[in-house]
Amino acid sequence: MHLKNSYLSEVYSIAKQKDPNKPEFLQSVLEMLTALEPVIEKHPGLCKKGVLERLIEPERFVQFRVAWVDRNGDVQVNRGYRIQFNSALGPYKGGLRFHRTVTPSVIKFLGFEQTFKNSLTGLPLGGAKGGSDFDPHGKTETEVMLFCQSFMSELFRHIGASTDVPAGDIGVGNREIGFLFGQYCRLRNISEGAMTGKGIFAGGSLLRTEATGYGLCYMAEETLQQLCGQSLAGKTLVISGSGNVAVYAIKKAQEFGARVVAASDSDGYIFDEEGIDLELLRQIKETERARISEYAVRKPSAVYTEGSEGIWSIPCHVAMPCATQNEITLEAAEMLVRNGVTALFEGSNMSCTLNAVRYLQQEGITYVPAKAANAGGVAVSGLEMSQNAGHSSWSYEKVDRILKTIMKNIFAQSYEMSAQYGSPGNLLMGANVAGFVKVSNAMRWQGVV
Ligand code: NDP
């Protein structure tokens, strides 16, 4: 992507100079600046008071040592991170990722993206992210607990119910949130909503577990109806991943009447022409914490193939990447289009490379970026914070109703911005602009801080 506007181009040069070794972060900055081109031409005031220069610089980025003792009595040392990117709209909010691929670049791109995603939800939430290069795969439950306790022994200094409220992400599910929250309460001698995604018995919200996947399908349904006069019903879907987001996207897509034929993990993918048996998938991935290849061993209609990228060669109408960043390369996008895909909704953050997005748009594929499409998770996290602050607990139906409304509003804002700036239906541009405008207004209102 090439920036025509000289000011935006200068901002991007600053980012490159300061972070030459952070490719994922630079990719997310370039996506945002490209989307802003038509806006800056019309409303240069939105970038006054150094808004963009300040936006690409996180307010705080903490890196720390996480030492713990494994089952053999050996000392292990990992790196922990928390980035508090922008608090113009409210307390910092964003998940923790535990995965061997976590680097400062990954944390920085996730924190940057989160700022605009949180803005799109309409809730008073700033942007943050965190995590570690710790890999929970193959660890015993005690090892995971000891790691989480050590991680929180530093993180607790930086978070709190009105300061910064972490949640889960890759490798951080209900089990890890429990260990982290338990240690937070012990160290602070306080029980407050300093994390979301908590167990229901410990102040968690109903529907938080399902929220990202369900929200993704609500967004897909709304977009298909509004832009194409269609629905998920009857469509064939390929959904990558088999973790939290993928599982609940599969569940909701099936409820909408779609046929989901594939899922994956980091080793490979399964194709099941009869449609994914969700109970079996959950038994293998959630209960047994086994590999997805096991699904094909137990289900005769399924075929397992080594290598997760191959999943995009399966013909489908709708693709929902729900594993990790840049899983849709240009080659994957070309395969999808050749095989008849008409829409792609990002469940994972920054699922597509910039080349892939440009190609999908050129081919007229309906596309919703992660900031808009997967915002359901943080939206319900925001609702969990409201329930904690009010010492109350809302019904499943109430949370679901609000989640649906938020996803519809995100579509409406994104569409409105795309139309206002001359590309109706370009939701990549619309979502980025809608997210940016609110943050920019708040930052200029608060003065240069
Ligand atoms: P989980 O850890 O529950 O699941 C991740 C899934 O993706 C697993 O199946 C994992 O396979 C697979 N995966 C991870 N890394 C890779 C890789 N490098 N290549 C191929 N497959 C991979 O994470 P979530 O479902 O929570 O998160 C998935 C995506 O959704 C992430 O991008 C996350 O940032 C995003 N997201 C999550 C939200 C949430 O509420 N949880 C909210 C918004 C976005 P394996 O088991 O082999 O590791």
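Phe64, Trp68, Phe98, Phe134, Phe147 and Phe151 are joined into a cluster by ring pairs; rings of Phe, Tyr and Trp (its six-membered ring) pair if their centres lie within 6.5 Å, and planes under 30 degrees apart count as stacked, over 60 as edge-to-face and the rest as tilted. This is a predicted model, where local features need pLDDT of at least 70 and side-chain atom pairs count only at pLDDT 80 or more, while totals for chains, interfaces and linings use all residues. Residues are numbered from 1 along each chain as its sequence is written, and side-chain values use heavy atoms, with hydrogens and water left out.

By the pairing rule, the count is 17 aromatic pairs. One of them is stacked: Phe411 and Tyr415, 6.1 Å centre to centre with 20° between the planes. Both residues belong to helix H15 (residues 396–420) and are 4 residues apart, about one turn of the helix; helices are DSSP runs (H or I, at least four residues), numbered from the N terminus. Phe411 counts as buried because its relative accessibility is 6%, whereas Tyr415, at 30%, counts as partly exposed. Buried means under 20% relative accessible area, exposed over 50%, and partly exposed in between (1.4 Å probe, protein chains only).

| Lysine | Ring | Distance to ring centre |
|---|---|---|
| Lys108 | Phe25 | 4.6 Å |
| Lys398 | Trp394 | 4.1 Å |

Methods. Helix = DSSP H or I, 4+ residues; strand = E, 2+ residues; numbered from the N terminus. Lys NZ or Arg CZ within 6 Å of the ring centre and 35° of its normal.
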